[in-house]
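Subject: A structure for you to explore

Hello,

Here is the structure I promised to pass on to you. Please open it beside this email, so that you can find each residue as you read.

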Amino acid sequence: MVETDGTQAVSPKNKNKQIKYLILGCGSIGYNVLEELSESNDNILIVDSDEKRIDDLRDHRHQATVGDISDPLILTKLPEPEVVFVLSSDKDANLSAVQNIRKAYPNVNVIARAVDLFSTDQLADNGADVVLYPQKVVAKSAVNHMANLIASRNAQKLYSLLSSWSGTLGIITHKNPDPDSISSAMALSVIAHDASKGKLSTRILYEGNIGHQENRAFVNLLEIKMEHLTKEILAQCDYLALVDCVAPGMNNDLPPSTKINIIVDHHSAEGVVREYKPEFLESRPDAGATASILTQYLQELYLPIDTKVATALFYGIRADTHEFQRNISSQDLYNAAFLLPHADRALLEIIMAPSLSQETIDVLGNAILNREVKQGYLFANVGYVRNRDAIPQAADMLLTLEGVTTSMVYGITDTHITLSARNKDIRLHVGDVMKEAFAKIPGASAGGHATMAALSIPLNAFSMVKDKEELLSMVIDPILSNFMKLVGISDGEGDEI
């Protein structure tokens with residue numbers, strides 16, 4: 001049946017029947033959408049102005065009708081849809097179609113194609129729920145496929161390397177290990193055992209202390225076997241791996257000349273100089289956690305994952321992204337979603353709610369009492385601490401104060417001056433600024449991400465100074481002055497907070 005305006009209408013018996021999908025404009029993009037939808041649902045109606053195209057679609061048993069998608073009367077001749085795809089290559093026709101649909105059916109779901117970047121906002125402003133700009137979709141898809149391809153090849157390369165080894169692999173976490181580095185070591189141990197068919201034993205090693213109460217609960221409840229690193233143990237290892245550390249001597253006390261065979265980390269390796277090139281190196285600063293990288297390896301290698309490892313990796317990603325709020329990527333969320341069904345949720349709840357130690361409370365109190373705020377930057381000296389893990393906890397807490405965009409909390413232990421920074425100012429990459437501010441300090445390790453960073457200065461260079469509090473002030477004051485210059489803080493009075 002053909003209307004007097006040239007539009008071919010649907011049969012009267014279908015006039016009041018609701019359809020699932022309406023596709024307005026069926027060029028190459030519309031046809032591909034039709035093919036995808038047809039696999040699960042054939043309740044689809046296509047409208048296009050090209051009569052030959054419509055005839056071809058009908059020949060393939062599709063419901064199709066000829067019509068001008070920009071005509072406001074076209075919808076009166078069609079069944080009511082649940083979802084409308086507006087996919088023609090005509091920018092003006094697509095805009096008119098979206099406007100007409102929104103007037104006729106205020107609650108229908110509308111997905112529209114943008115022909116150029118300008119029409120993206122235009123379509124959204126006029127009622128499109130989702131706007132697709134094909135060039136951008138293709139670019140994003142290309143980048144995602146590239147990242148997945150690289151991850152797959154890196155996983156295979158690591159697996160192949162480990163399959164050729166036998167003996168003992170020492171997996172070294174960073175100093176004072178956190179759940180990210182510990183769970184990453186566990187995952188690497190799983191890969192090594194499967195790849196070598198048991199010929200390669202693994203030992204998870206660390207140097208400092210596990211002081212943070214959540215980290216202690218994490219290790220104890222999951223019964224993770226870890227050993228303090230000694231020269232004797234190091235000599236017993238045939239191969240060495242670093243997880244959550246970018247190089248020997250950085251966030252660990254290994255001599256820079258130590259030969260490391262494997263490095264997997266989520267911090268930037270830019271500017272890092274190594275005396276030995278590792279046989280396998282993965283440095284992915286776009287990942288929210290090293291645990292996320294290892295989780296992707298397990299998926300790419302199709303390795304079974306037990307409850308303990310899944311729980312550890314999920315918590316590692318969660319902790320290092322500050323409950324999925326900081327330095328998080330879509331891949332991190334995908335990896336966490338993969339792990340969650342395999343994890344012990346009851347155990348996760350227990351780990352995430354440990355009791356605070358008395359010293360942690362004291363450190364948090366000192367940070368609050370000694371805080372100084374300048375133009376949104378908060379600085380707090382907590383003095384001597386036994387548990388260095390309380391310092392980043394204090395930095396996290398103080399960042400929540402009204403008017404504070406960056407918090408820096410520092411203290412001194414028996415072996416190091418330690419500073420933790422947290423940041424929510426999008427104009428500042430606190431890791432890069434800290435690296436620049438503290439680059440000239442002998443033995444110092446500084447850097448991190450845009451929103452979190454750390455500094456560690458060994459005390460062996462200051463053996464002549466006996467008073468720790470005096471030493472802390474003597475070293476940290478010029479450092480903080482340099483930081484303030486770099487971020488443009490004036491010498492005016494501090495803010496009142």
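Before you start, please keep in mind that this is a predicted model.

**The cavity**

The structure holds one cavity of 30 Å³ or more, and about 40 Å³ of space lies in the largest cavity. Which residues line the largest cavity? Its lining is made up of Pro-248, Pro-256, Thr-258, Ile-260, Ile-263, Arg-274, Glu-275, Tyr-276 and Pro-278. Sorted by class, these are six nonpolar, one polar and two charged residues.

**The nonpolar cores**

Next, have a look at the largest nonpolar core, which has 54 residues. Leu-162, Leu-169, Ile-191, Phe-218 and Ile-262 are the ones with the most contacts inside this core. The element that gives the most to this core is helix H6 (residues 179-196), with eight residues. There is also a second, separate core of 30 residues, and Met-408, Leu-455, Ile-476 and Ile-489 are among its members.

Leaving aside residues up to four places away in sequence, Ile-262 touches Leu-158, Leu-161, Leu-162, Trp-165, Leu-240, Ala-241, Leu-242, Pro-278 and Phe-280.

**The aromatic rings**

How many aromatic pairs does a search of the whole structure find? The search finds seven. One to look at is Phe-379 with Phe-483: the ring centres are 6.4 Å apart and the planes meet at 85°, so this pair counts as edge-to-face. The cut-off behind that name is an angle over 60 degrees. Phe-379 sits in strand S14 (residues 377-384) and Phe-483 in helix H16 (residues 468-487), so the pair ties together parts that are 104 residues apart in sequence. Both Phe-379 and Phe-483 are buried. Ring pairs also bring in Tyr-377, which forms a cluster with Phe-379 and Phe-483.

**One asparagine**

Last, please find Asn-100 in helix H3 (residues 91-104). Is Asn-100 buried or exposed? Its relative accessibility is 14%, so Asn-100 counts as buried, since buried means under 20%. Apart from residues up to four places away in sequence, Asn-100 touches Ser-70, Asp-71, Pro-72 and Leu-75.

Enjoy exploring, and write back with any questions!

Best wishes

How values were computed: Residues are numbered from 1 along each chain as its sequence is written. This is a predicted model: local features need pLDDT of at least 70, side-chain atom pairs count only at pLDDT 80 or more; totals for chains, interfaces and linings use all residues. Side-chain values use heavy atoms; hydrogens and water are left out. On a 1 Å grid over the protein atoms alone, a cavity is a set of points where a 1.4 Å probe fits but cannot get out, and a pocket is an open set with protein on both sides within 12 Å along at least five of seven lines; lining residues have an atom within 4 Å of a point. Grid points are joined across faces, edges and corners, and a volume is the space filled by probe spheres set on the points. Ala, Val, Leu, Ile, Met, Phe, Trp, Tyr, Cys and Pro count as nonpolar, Asp, Glu, Lys and Arg as charged, and the others, Gly among them, as polar. A nonpolar core is a set of buried Ala, Val, Leu, Ile, Met, Phe, Trp, Tyr and Cys residues joined through side-chain atoms within 4.5 Å. Buried means under 20% relative accessible area, exposed over 50%, partly exposed in between (1.4 Å probe, protein chains only). Helices (H or I, at least four residues) and strands (E, at least two) are DSSP runs, numbered from the N terminus. Contact means heavy atoms within 4.5 Å. Rings of Phe, Tyr and Trp (its six-membered ring) pair if their centres lie within 6.5 Å; planes under 30 degrees apart count as stacked, over 60 as edge-to-face and the rest as tilted.
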